[in-house]
Amino acid sequence: MYQKCINRLEHAQVAELQGKLLRATGMTFEAIGCRMETGQRCMIRASQGAPVEAEVVGFDRDRLFLMPLNRARGLGPGDPVIPIREDIQVPTGRGLLGRILNGAAEPLDGKGPIKTGPTLPLQSEVINPLQRRPVSEPLDVGIRSINSLLSVGKGQRLGLFAGSGVGKSVLLGMMTKMTTADIVVVGLIGERGREVREFVEETLGEEGLARSVVIAAPADESPVLRLRASLMCHRIAEGFRDQGRNVLLLMDSLTRYAQAQREIALAIGEPPATKGYPPSVFSLIPQLVERAGNGRDGSGSITAFYTVLSEGDDQQDPIADASRAILDGHIVLNRSLAEAGHYPAIDIEASISRVMPQVASPDHIRAANSFRRQYSIYQQNKDLLTLGAYKSGSNPALDEAIRNQPAMTALLQQGMKESSDWQSSLNQLTSICG
């Protein structure tokens with residue numbers, strides 16, 4: 001008799017706990033009647049349309065603040081709000097290579113379902129900083145000026161600071177095809193929808209896409225989906241790193257990630273602090289960036305490049321300033337160089353790699369410092385040279401810089417389809433400043 005009761009209980013339908021929609025203001029909904037935590041998903045059954053998935057972004061006493069993942073239509077007061085108990089799962093495995101996903105891990109490329117290995121939760125375990133392997137090995141990114149003068153280490157995190165239209169997307173695409181990293185994960189966050197296809201087909205190409213995973217959340221997507229896509233590209237990279245792979249993570253852009261969080265924070269009433277950015281933005285950026293880097297002994301690495309948009313080429317933008325403080329180096333793209341046809345438009349004087357002393361030899365560092373000195377001396381006296389006011393022999397250091405200027409310019413410039421590995425980059429540097 002008892003066994004029959006137990007069997008009936010096992011097959012009994014459990015009552016579905018649900019709340020109801022109370023209010024909709026802009027992109028923010030308010031619901032009451034159910035208990036959910038921040039970050040948890042729910043489904044709103046629209047009275048006049050398809051169900052709408054939303055995420056809890058805040059609460060006030062018994063009132064929940066929700067934000068939909070997609071455009072919400074047909075919702076009305078009193079519509080049921082049903083919690084989704086399953087955690088967000090992220091696909092992993094080599095079946096992701098060559099695929100393009102959105103922030104919900106759904107394919108955008110029309111190639112059918114994704115064949116992957118075990119899934120992982122979106123949020124990962126925080127690695128004890130003392131258990132991380134130090135950055136000690138160089139990573140060849142295929143860009144001559146970076147390899148020689150801004151050497152990158154496996155597990156390093158760098159910012160690519162640039163305004164609009166100075167070639168940052170092209171530089172990222174070059175790295176995807178020319179790097180020696182095993183896997184490339186690209187996050188296109190908050191950019192124009194037109195640029196997603198252009199980056200995949202023209203900048204990345206078939207060669208780059210074959211070894212890459214692309215996660216795209218254009219500017220017209222919900223800010224929740226943009227945040228989720230940012231976390232997803234990091235989680236996918238972590239999955240490959242835990243398998244012992246060396247991953248190159250390219251996220252374009254960290255600024256759009258911050259702007260998505262600003263939209264959410266302001267919508268639920270968080271007060272703005274610095275130039276309209278609420279305090280939560282400046283706490284989330286380091287949480288995201290710290291997920292990259294080296295793993296524990298026996299695992300691989302994630303070397304990350306984050307593009308940071310400098311509005312009006314302002315390097316003191318609050319997001320640019322905060323990013324510069326927490327990253328392991330920054331590469332600045334200069335608009336005047338781009339306008340002069342100097343590509344990649346890297347401003348060597350304003351850029352630095354903080355781990356270069358750990359990954360480059362003493363001779364390499366001496367040559368790089370000599371190059372920087374000569375380049376700086378030439379730039380400081382460029383007006384005198386243009387006017388013809390300088391007399392040869394007055395300054396031996398400037399005379400040397402003038403002699404080496406054509407070779408220095410050749411080192412700094414590189415064509416889109418031209419690759420320069422680590423050794424050839426170093427050889428060219430030492431031939432100038434050996």
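1. Charge over a ring. A charge sits over a ring if NZ of Lys or CZ of Arg is within 6 Å of the ring centre and within 35 degrees of the ring normal. Arg262 does it with Tyr277, at 4.3 Å from the ring centre.

2. What kind of model this is. This is a predicted model: local features need pLDDT of at least 70, side-chain atom pairs count only at pLDDT 80 or more, and totals for chains, interfaces and linings use all residues. Residues are numbered from 1 along each chain as its sequence is written, and side-chain values use heavy atoms, with hydrogens and water left out.

3. Aromatic pairs. Rings of Phe, Tyr and Trp (its six-membered ring) pair if their centres lie within 6.5 Å; planes under 30 degrees apart count as stacked, over 60 as edge-to-face and the rest as tilted. The whole structure has two aromatic pairs. Tyr277 and Phe282 have ring centres 6.2 Å apart and planes at 70 degrees, so they are edge-to-face. Buried means under 20% relative accessible area, exposed over 50%, partly exposed in between (1.4 Å probe, protein chains only). Tyr277 is buried at 2%, while Phe282 is partly exposed at 27%. Phe371 and Tyr375 have centres 6.4 Å apart and planes at 10 degrees, so this pair is stacked.

4. Helix α11. Helices (H or I, at least four residues) and strands (E, at least two) are DSSP runs, numbered from the N terminus. Phe371 and Tyr375 both lie in helix α11, four residues apart, about one turn of the helix. Phe371 is buried at 0%, and Tyr375 is buried at 8%. Other buried residues of α11 include His364, Ala367 and Gln374. What covers the buried residues? The cover includes α2, α10, α12, α13 and α14, with contact meaning heavy atoms within 4.5 Å. Now check the length. The expected span of a helix is 1.5 Å times one less than its number of residues. The 19 residues of α11 (362-380) should span 27 Å, and the end C-alpha atoms are 27 Å apart, which agrees.

5. Salt bridges across the chain. A salt bridge is a side-chain nitrogen of Lys or Arg within 4 Å of a carboxyl oxygen of Asp or Glu. Side chains of opposite charge can pair when their charged atoms come close. The structure holds 22 salt bridges. One joins Glu418 and Arg144, with the closest N and O atoms 2.9 Å apart. Glu418 lies in the loop between α13 and α14 and Arg144 in helix α2, so the pair ties together parts that are 274 residues apart in sequence. Glu418 is partly exposed at 34%, but Arg144 is buried at 5%. Arg157 and Asp328 form another, at 3.4 Å from N to O. Arg157 is in strand β10 and Asp328 in the loop between α8 and β16, 171 residues apart. Arg157 is buried at 11%, and Asp328 is buried at 18%.

6. Glu198 and Arg194 meet in a salt bridge at 2.8 Å, N to O. Both lie in helix α4 (193-209), four residues apart, about one turn. An α-helix has 3.6 residues a turn, so residues three or four places apart point the same way. Glu198 is partly exposed at 31%, as is Arg194 at 47%. Elsewhere, salt bridges that share partners join Arg41, Glu53, Glu55 and Arg228 into one network.

7. Backbone points to check. Which peptide bonds are cis? One runs from Asp252 to Ser253, with omega near 15 degrees. Ser253 is in the loop between β13 and α6. Another joins Tyr343 and Pro344, where omega is about -10 degrees. Pro344 lies in the loop between α9 and β17. Arg61 has a positive phi of about 60 degrees, although it is not a glycine. Arg61 sits in the loop between β4 and β5 and is exposed at 75%. Lys275 has a positive phi near 50 degrees and is also not a glycine. Lys275 lies in the loop between α6 and α7 and is exposed at 58%.

8. Cysteines. How many disulfides are there? With a disulfide defined as a pair of cysteine sulfur atoms within 2.5 Å, the count is zero. The closest cysteine sulfur to that of Cys42 is in Cys34, 6.9 Å away, too far for a bond. Cys42 is buried at 0%, and so is Cys233, at 0%.
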